[in-house]
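Please find my notes on the model below, as numbered points. They begin with the pockets and then turn to the core, the helices and the loops.

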Amino acid sequence: LVGQSVALAGNSGDRRLQASRLYLLGTILLESGEVDSALEDYQQARIKYQELNERFNEAMVLVGISQVHYLNNHFVEARALLFETLQILKEHGAEAHSGIAYINLGEIETDMGLLDEAETHLYEGLKVSNQTGSHRVKAANQAALGRLFLKQGRLAEAKPLIDTAL
């Protein structure tokens with residue numbers, strides 16, 4: 001259905017609608033494990049949002065593209081896209097939407113062995129989620145921070161975070 005929605009949006013000439021449907025399709029494909037197809041749709045959505053000068057929406061697409069790179073073990077590329085995302089959100093006064101980007105950044109840095117940077121970014125994400133009141137984002141952040149602490153051997157600190165996240 002989403003693929004049909006993309007086609008209908010394209011036929012309507014509404015580029016904004018087409019970009020949003022491409023982003024949605026990319027997300028569905030990513031969640032279903034079709035990573036390469038997801039990347040194609042995300043990249044098309046990004047181009048359309050760039051043409052429309054919709055930087056906030058472009059930032060949201062960048063989170064998806066970075067997730068594709070992360071899943072393909074392209075950590076450097078994924079990390080760079082998240083820094084770009086955070087910069088766009090800051091430029092547009094939309095830092096309240098940066099929680100997921102900080103979590104993803106922290107997870108990537110954990111996997112890269114950049115543990116101090118990961119901790120800094122995960123605490124930044126926790127701060128954002130506390131300010132916005134998003135329980136889902138806060139739980140994801142606590143789980144990621146718990147995972148980081150496990151990797152650092154900080155078991156006593158990891159357990160309550162993971163328990164709370166669950």
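1. The largest pocket holds about 290 Å³ of space. A pocket here is an open set of points on a 1 Å grid over the protein atoms alone, where a 1.4 Å probe fits, with protein on both sides within 12 Å along at least five of seven lines; lining residues have an atom within 4 Å of a point. Grid points are joined across faces, edges and corners, and a volume is the space filled by probe spheres set on them. The lining of the largest pocket has 15 residues, and Y23, V63, G64, I100 and N104 lie nearest its centre.

2. The model is predicted: local features need pLDDT of at least 70, side-chain atom pairs count only at pLDDT 80 or more, and totals for chains, interfaces and linings use all residues. Residues are numbered from 1 along each chain as its sequence is written, and side-chain values use heavy atoms, with hydrogens and water left out.

3. Which helices line the largest pocket with at least two residues each? They are α2, α4, α5 and α6. Helices are DSSP runs (H or I, at least four residues), numbered from the N terminus. By class, this lining has eight nonpolar, six polar and one charged residues. The classes are as follows: Ala, Val, Leu, Ile, Met, Phe, Trp, Tyr, Cys and Pro are nonpolar, Asp, Glu, Lys and Arg are charged, and the others, Gly among them, are polar.

4. The second largest pocket has a volume of about 170 Å³. Helices α5 and α7 each give at least two residues to its lining, and the largest share, five residues, is from α5. Among the lining residues are F83, L86, Y102, E124 and K127. Five nonpolar, three polar and four charged residues make up this lining.

5. The largest nonpolar core has 21 residues, and those with the most contacts inside it are L30, A38, Y42, V61, I65 and V68. At least two core residues come from each of α2 (15–31), α3 (35–51), α4 (55–71) and α5 (75–91). A nonpolar core is a set of buried Ala, Val, Leu, Ile, Met, Phe, Trp, Tyr and Cys residues joined through side-chain atoms within 4.5 Å. Buried means under 20% relative accessible area, exposed over 50%, and partly exposed in between (1.4 Å probe, protein chains only).

6. Two residues can be checked individually here. I65 is in contact (heavy atoms within 4.5 Å) with L39, Y42, Q43, R46 and L81, leaving aside neighbours within four places in sequence. S66 is in helix α4 and is buried, at a relative accessible area of 1%. Not counting residues up to four places away in sequence, S66 touches A78, L81 and L82.

7. Is α6 largely enclosed or largely open? Of its 14 residues, 10 are buried, so α6 is largely enclosed by the rest of the structure. The buried residues include Y102, N104, L105 and E109, and the buried set packs against α4, α5, α7 and α8. From first to last C-alpha, α6 reaches 20 Å, close to the 20 Å expected at 1.5 Å a residue; the expected span is 1.5 Å times one less than the number of residues. G113, which follows α6, has a positive phi near 85°.

8. Helix α8 (residues 135–151) has 17 residues and should span 24 Å at 1.5 Å a residue; its end C-alpha atoms are 24 Å apart, which agrees. V137, N141, L145 and F149 are among its buried residues. The buried residues of α8 pack against α6 (99–112), α7 (115–132) and α9 (155–165). Just after α8, G153 has a positive phi of about 80°.

9. L115 is in helix α7 and counts as partly exposed, at 21% relative accessibility. Its contacts, leaving aside neighbours within four places in sequence, are E109, T110, L148, K151 and Q152.

10. N53, in the loop between α3 and α4, has a positive phi near 55° although not a glycine, and counts as exposed at 59% relative accessibility. N73, in the loop between α4 and α5, has a positive phi of about 60° and is not a glycine either. At 55% relative accessibility, N73 counts as exposed.
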